[in-house]
Amino acid sequence: MGNAFASCMTGKQHRGAALASRSKRMGSARTPRGGAAKLTPAEEEMLHRQALAMAIHQHLDAGGSVSRRIDAGGASMSRRIGPGNTSSRRHGGLPDSVTNAKAVQVVLENLETKKVVLVHGEGFGAWCWYKTISLLEEAGLDPVALDLAGSGIDHTDANSIATLEEYSKPLIDYLSKLPENEKVVLVGHSCGGASVSYALERCPEKISKAVFLTATMVKDSQKPFDVFSEELASADVFLQESQFLLYGNGKDKPPTGLRFDKQQIKGLYFNQSPSKDIALAAVSMRPIPLAPIMEKLALTAEKYGTVRRYFIQTLDDHMLSPDAQEKLVRENPPDGIFKIKGGDHCPFFSKPQSLHKILVEIAQIQAPALLLPGKAISEEVEENADKS
């Protein structure tokens, strides 16, 4: 967040596409100004599905394949709907589209688990992982993307979410229902890192490794918001002065949510992302529940501390600056650090191949006994890893 506010881009967000005009209509409809009508949850869900279908269609035309799982409850993504024989796919002109033209053949050996659970960040939903799901499945892994409470197509009112426990309930429910001896690689993006940390404390026996993707990897007794405090101001000041707060229970009550406008979203999150993904996000992002990111986490060495953690830094990130990311890994050292050059705050859009390469590498890391004590893995992924 923070210092990026001053550098947010101006000008038109989207050009010429039907999805862009739909996003503009969505923006005015969901922000009740000047008497504009508010969309019902059913209308929002239908609009989101239309936008995701359009993004997937463009993705396939560019040479990719997509796997999508939407379970009966609408909370996760994953069933294959790819176009068939990958050898016949066209290669698109977009440098950051996901294609099979230069995909590295991956040999997966001695995996602790093939299941990768993807947890979105603030305002996002399972929909944001559509490129990552495709690539991980083609590599032979088993990805599942979840909607946290009040996110994606989960119908919970974001204004009603009062705790991190409530916000993370879909994740904890999923982990709790896994077979007794099954573990997952748990990946959290941005403020989704708080839900990952919470899960590490609640269900450490279900998690093989935790991956924090430019995420709020907080320490015990720290609030997720604290990660941004040096750039934004203290939580108390922010709650008094921020123009981005939402008051779902009335102005005389504490704020319940947070929402940035479209200009800020593009400048903060998507400064390197393709326009089609920005358009998808414009009609799909939802207000951010405030309480979960203002809550102090209680983390113990006996639970949270028993699971290996890895941090992925993005080096062109305007939302969580590289300096802030460095401070996170310095104050709460993980077992490994990976860096994506040229990646904005959403590398699942801007650098999907680079992100995929790192996730596959982390999935293949064996027991910590193979690492020298006190030695963390550190690797930098070049920007051209996503050029097709």
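These are some numbered notes on the predicted model above, written for someone new to reading structures.

1. **Before you start.** Since this is a predicted model, local features need pLDDT of at least 70 and side-chain atom pairs count only at pLDDT 80 or more, while totals for chains, interfaces and linings use all residues. Residues are numbered from 1 along each chain as its sequence is written, and side-chain values use heavy atoms, with hydrogens and water left out.

2. **The overall picture.** You'll find 13 helices and 13 strands in the protein. Helices (H or I, at least four residues) and strands (E, at least two) are DSSP runs, numbered from the N terminus. Of the 388 residues, 54% are buried. Here buried means under 20% relative accessible area, exposed means over 50%, and partly exposed is in between (1.4 Å probe, protein chains only). Now look at contacts, meaning heavy atoms within 4.5 Å. Among contacts with a separation of 6 or more, 75% are between residues 24 or more positions apart.

3. S6 covers residues 184–189, and because six of its six residues are buried, the strand is largely enclosed by the rest of the structure. Val184, Leu186 and Gly188 point one way, while Val185, Val187 and His189 point the other way.

4. **The neighbours of S6.** Two strands count as paired if DSSP finds at least two bridges between them. S6 pairs with strand S4 (residues 115–119) in the parallel sense, over four bridges. Within that pairing, Leu186 of S6 is the bridge partner of Val117. S6 also pairs with strand S7 (residues 207–213), again in the parallel sense, over six bridges. There, Val187 stands opposite Val211 in S7.

5. **How the chain gets from S6 to S7.** S6, H6 and S7 together make a right-handed β-α-β unit. A crossover is right-handed if, with the strands pointing away from the viewer, the path from the first strand over the helix to the second runs clockwise.

6. **Helices H5 and H6.** The axes of H5 (residues 169–176) and H6 (residues 192–202) come within 10 Å and cross at roughly 40 degrees. Axes are lines fitted to C-alpha atoms, for helices over the stretch in contact, and the angles run from 0 to 180 degrees between N-to-C directions. H5 brings Leu171, Ile172 and Leu175 to the contact, and H6 brings Ser195, Tyr198, Ala199 and Arg202. These residues divide into five nonpolar, one polar and one charged. Nonpolar covers Ala, Val, Leu, Ile, Met, Phe, Trp, Tyr, Cys and Pro, charged covers Asp, Glu, Lys and Arg, and polar takes the others, Gly among them.

7. **What covers H5?** The buried residues of H5 are Pro170, Leu171, Ile172 and Leu175. Their cover includes S4, strand S5 (142–146), helix H4 (164–167), S6, H6 and S7.

8. H3 (residues 130–138) is mostly covered, with eight of its nine residues buried. Among them are Tyr130, Lys131 and Glu137. Just after H3, Gly140 takes a positive phi of about 100 degrees. H10 (residues 275–284) is mostly covered too, with eight of its ten residues buried, including Lys276 and Asp277.

9. **A glycine in a loop.** Gly125 lies in the loop between S4 and H3, and it counts as buried because its relative accessibility is 0%. Gly125 and Gly152 are 27 residues apart in sequence, yet their C-alpha atoms are 4.0 Å apart in space. Not counting residues up to four places away in sequence, Gly125 touches His120, Asp147 and Gly152.

10. **A proline in a strand.** Pro143 is found in strand S5, and at 0% relative accessibility Pro143 counts as buried. From Pro143 to Val184 is 41 residues in sequence and 9.5 Å in space, C-alpha to C-alpha.

11. **A separate open sheet.** Three strands form an open sheet with antiparallel pairing, in the order S8-S9-S10. S8 (245–246) and S10 (288–289) are the edge strands, each pairing on one side only. Two bridges join S9 (residues 257–258) to S10, and Leu258 stands opposite Ile288 in S10.
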